[in-house]
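Let's take a friendly walk through a protein model together. Please have a look at the sequence and the 3D view, and then we will go through some of the details.

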Amino acid sequence: MAFYYTEPSRTFSEFLLIPNLTTKECNPGNVNLKTPITKFKKGEQPAISLNIPFSSAVMQSVSDHNMAVALARCGGISFIYGSQSVEDQAEMVRKAKSYKAGFVVSRSNLTANHTLRDVLELKEKTGHSTVAITDDGSPKGKLLGIVTSRDYRTSRDPLDKPISEFMTPFSSLIYGKSGITLSEANDLIWEHKLNCLPVVDAEQKLDYLVFRKDYDAHKENPLGLLDANKSYIVGAGINTKDYMERVPALVDAGVDILVIDSSDGYSEWQRETVQYVKSNFHVKIGAGNVVDREGFLYLVESGADFVKVGIGGGSICITREQKGIGRGQASALIEVAAARDKYFDETGIYVPICSDGGIVHDYHITLALAMGADFVMMGRYFARFDESPTKKLKVGNNFVKEFWGEGSNRARNWQRYDTGGKQGLVFEEGVDSYVPYAGSLRENLDKTISKIKSTMCNCGSTSIAELQKKARITLVSATSLVEGGAHDVILKESTMSGE
């Protein structure tokens, strides 16, 4: 007969944290949110760690190259959505990887025979005010000069004026030679009061550009998630259908870590995909989603570097409603975390878990971490920001951004849900919606992180690992939920809105 779980399927809103002693050392300035994202052996360090426990969801309306750069600057990671062509996804990865905090491969290039009109059109297309002028118009051609907005005046210069007549020629440029360190390049920038330093090889071919703004950005973003080459660390989502074509292209583009994007990861297709990647490439890969011990162990034994937890808990996900499968996010996370800890005790290998879905309030993030998650993945949270791919719209008197699920017809992401049948969605597992526009990622993320750090201090913890050991968590009743919010008063906002 069927197996029945006697314990109800719990959500984050059914729990609260009980405060521990807050010592003098427990202040937000001492809280370190660094956390592993890839598996590692006891006593060793993970190949990749996050500086904050945040990842943006593998969704068209959330994670493109712009979000990848913005979140990596803050210390988190984006997994660029896979429900697009292999070429387009690889190009997004390439753009994010080339947006270095130091040495940048030039992405705006023309020849000396182009005109001011070409410069203005390129600036409109890319947003870049610095254009490298090479002999063949390529990012690696022989550098002939540089054009910036200081080299022309649109009010006086004719649009057909050749670049050769107004560019700053190579003979007048301060430049660095290949092999120069980032520190040495920045010294030249400051010594000569430059905005941009080109780096060329012995044959005058352009290698990189180093920008003053990137130096400033690094100082402003001390938690930036960088690889050994000072490029931002970038993730990408894949499916279990075209992975043999998609993975090589993403690896070639420089992706740091992959994740299989699926509503249900407890499958032989995921095992085959993980094993293909591990056998043929050095790139890290996560798998999921699962909601129990068995699913977690299956993916770990398949070779997954991390495991995503959660089915049906996303704000736009209707998998539970449509198919009747899933589990309350808190219950799923608690069981998988226990399985992860037992696996670590038995094997000495720690496999990070990602809590994906079910987060409505900021405190839910802290609860997820306390329950054992190493990091969280969120869609709705990040979809609200300027940096998400969708446009800001005005609906009624409010500004919103569009947000749709990967299981919706709009996403046309049949590979995520197909199990070997026809190429198309027979029914939807996600909806098309709006979310309230919230402004910039940095502003909102800083506020959320402040709340997490403050709560961790209340729990007597200054690290995620310490929180997971010390946390005391209690179930709450329906009436205590009412008690926990504003009640038995007339809110001023309500009074004002009624006038």
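Helix α8 (residues 293–302) packs against helix α10 (residues 329–347) at an angle of about 45 degrees, and their axes are 8 Å apart. That makes α8 oblique to α10; angles under 35 degrees count as roughly parallel, over 145 as roughly antiparallel, 65 to 115 as roughly perpendicular, and the rest as oblique. From α8, the contact is made by R293, E294, F296, L297 and V300, and from α10 by E335, V336, A339, R340 and Y343. Contact here means heavy atoms within 4.5 Å.

The axes are lines fitted to C-alpha atoms, for helices over the stretch in contact, and the angles run from 0 to 180 degrees between N-to-C directions. The crossing of α8 and α10 is right-handed: the near helix is turned clockwise from the far one by less than a right angle.

## The model and the whole chain

This is a predicted model, in which local features need pLDDT of at least 70 and side-chain atom pairs count only at pLDDT 80 or more, while totals for chains, interfaces and linings use all residues. Residues are numbered from 1 along each chain as its sequence is written, and side-chain values use heavy atoms, leaving out hydrogens and water.

The chain has 17 helices and 25 strands; helices (H or I, at least four residues) and strands (E, at least two) are DSSP runs, numbered from the N terminus. Of its 499 residues, 52% count as buried, where buried means under 20% relative accessible area, exposed over 50%, and partly exposed in between (1.4 Å probe, protein chains only). Among contacts with a separation of 6 or more, 65% are between residues 24 or more positions apart.

## Strands side by side

Strands of a sheet pair through backbone hydrogen bonds, either parallel or antiparallel. In this model, two strands pair if DSSP finds at least two bridges between them.

Which strands pair with β14? Strand β7 (residues 103–104) runs antiparallel to β14 and is joined to it by two bridges, and β13 pairs with β14 in the antiparallel sense over five bridges. L209 of β14 is the bridge partner of V104, and P198 also stands opposite L209. Strand β14 (residues 206–211) is mostly covered, with five of its six residues buried.

Most residues other than glycine have a negative phi, and most peptide bonds are trans. Where does K193 lie? It is in the loop between α4 (182–191) and β13 (196–200), and its phi is positive, about 55 degrees, although K193 is not a glycine. K193 is exposed, with a relative accessible area of 70%.

K230 is not a glycine either, and has a positive phi of about 65 degrees. This residue lies in the loop between α5 (212–220) and β15 (235–238) and is partly exposed, at 39% relative accessible area. In the hairpin of β13 and β14, with five residues between the strands, Q204 takes a positive phi near 70 degrees.

Finally, a cis peptide bond joins G288 and N289, with omega about 10 degrees. N289 lies in strand β17 (residues 284–290).
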